[in-house]
Amino acid sequence: MENDIQLGRWLEGLSKEKPLVIAGPCSAETEEQVLKVARGVAQCGVPIFRAGIWKPRTRPGGFEGVGAIGLKWLQKAKAETRLLMAVEVASAAHVRLALDHGVDVLWIGARTTVNPFLVQEIADAVEGSDKIILVKNPVNPDLALWLGGIERIYNAGIRKIGAIHRGFSTYEKTRYRNNPEWQIALELQDRLPDLPLICDPSHITGKRSMIGEVSQQALDLNYRGLMIETHIDPDNAWSDAAQQVTPEMLGEILKALVVRNPDDDSDDFVRELSKLRSRVDEFDSRIIEALGNRMRIADKIGALKKERNVAVIQPQRWREVLNRMSSEGARLNLSEDFIQKLFHAIHQESIAHQQAVIRKNQEKP
Ligand code: PEP
Ligand code: MN
């Protein structure tokens, strides 16, 4: 799929102000809750109301959503507030019900984007409609799967499309509920610059105290919109209680956001930026040079080990290297996580070099 200038038009028409905000509860719970949150959200000047009607739960026994009855509550909320209504759909049956009830925006959840069969079923069901379709990133960090979901919707003739970045699931505990892996979303933005990118700081952080911070990060990276879970009584929400904010908190978060210019043509800015970028380029070249030199030494170590018939990996030595680099990194204000990832990658490459040397030597008569 190529970039298409039509992709961003729906958003321009909707939100003169930046960013576009979609807000509402994780789940529709009762008619009263839906109406109260919708009123609160409307007061913040938000154009789109979200609510989960069918909830994909990790384990059975959780609250699985109120089902189609919730669509009637959304109709009431829409009639009263004039907000556009957004719901998650995970099957053709959901799509049909949502369309029958005048829902304006359909989003495909992270657990559905991973499944091309379901995405295709949804694409077939929305074919020919002029609804806005938003595709959340898949739960696993896989750009092709995300792009594939967007392409299936595009191939169904839909042009009002957006991508929602809600972070990626990891086995290890991090400070995020779902690790943002910003570079994956930025690569999507690079490939499809006119596709609106919307950040979901609620599911990325899992914590209401971090929503302002991650929303600002998204704006700094030129995201066009935010989806923020908002509830009238967050602590007693039936799903995702820890990450929802009240409409009042939503208003404060939005007020505090600083919207940056996507670019600045003024001479001094351009000059200063290019000066800094050239220094970065210089360091990047030095890094590559140093890595090349390091691997040449790894080749020599490989030859030596082969000669003495010693195994490629000595775990003790590797632990020493990691510990030393972690403490040197800390001194330079480099995060532990970064040092670990960097040196694991370097170690892998080093092993590959040593193995190549050993194999080559083995081929000799
Ligand atoms: C949601 O938006 O409430 C939801 C279920 O999100 P995700 O698909 O990102 O987990
Ligand atoms: Mn949720």
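Predicted model: local features only at pLDDT ≥ 70, side-chain atom pairs only at ≥ 80, totals over all residues.
Let me begin with a pair of helices: the axes of α2 and helix α3 (residues 69-81) come within 9 Å of each other and cross at roughly 30 degrees, where axes are lines fitted to C-alpha atoms, for helices over the stretch in contact, and angles run from 0 to 180 degrees between N-to-C directions. Residues are numbered from 1 along each chain as its sequence is written, chains are lettered from A and ligands numbered from 1 in the order in which they are written, and side-chain values use heavy atoms, with hydrogens and water left out.

Staying with α2 and α3, their crossing is right-handed, a term for the near helix being turned clockwise from the far one by less than a right angle, anticlockwise being left-handed. On the α2 side the contact (heavy atoms within 4.5 Å) is made by E31, V34, L35, A38, R39 and A42, and on the α3 side by W73, L74, K76, A77, E80 and T81. Sorted by class, these are seven nonpolar, one polar and four charged residues; Ala, Val, Leu, Ile, Met, Phe, Trp, Tyr, Cys and Pro count as nonpolar, Asp, Glu, Lys and Arg as charged, and the others, Gly among them, as polar.

Stepping back to the whole protein, the secondary structure comes to 14 helices and eight strands, taken as DSSP runs numbered from the N terminus, with helices being H or I of at least four residues and strands E of at least two. The C-alpha trace spans about 80 × 55 × 40 Å along its principal axes. Of the 365 residues, 44% are buried, meaning under 20% relative accessible area, with exposed over 50% and partly exposed in between (1.4 Å probe, protein chains only).

Which protein residues hold the manganese ion, ligand 2, as donors? They are C26 (SG), H203 (NE2), E229 (OE) and D240 (OD), lying 2.1 to 2.4 Å from the ion, where donors are N, O and S atoms within 2.8 Å of the metal (3.2 Å for Na, K and Ca), and where the site may look incomplete, as water is not among the atoms. Along the chain these donors follow the spacing C-x176-H-x25-E-x10-D. C26, in the loop between β1 (20-24) and α2 (31-43), and H203, in helix α9 (residues 201-205), are 177 residues apart, a pair that links distant parts of the chain. C26 is buried, with a relative accessible area of 2%, and H203 also counts as buried, at 8%.

Finally, consider V259, in the loop between α11 (247-256) and α12 (267-308), which is partly exposed with a relative accessible area of 39%. Leaving aside neighbours within four places in sequence, V259 is in contact with K18, P19 and L219.
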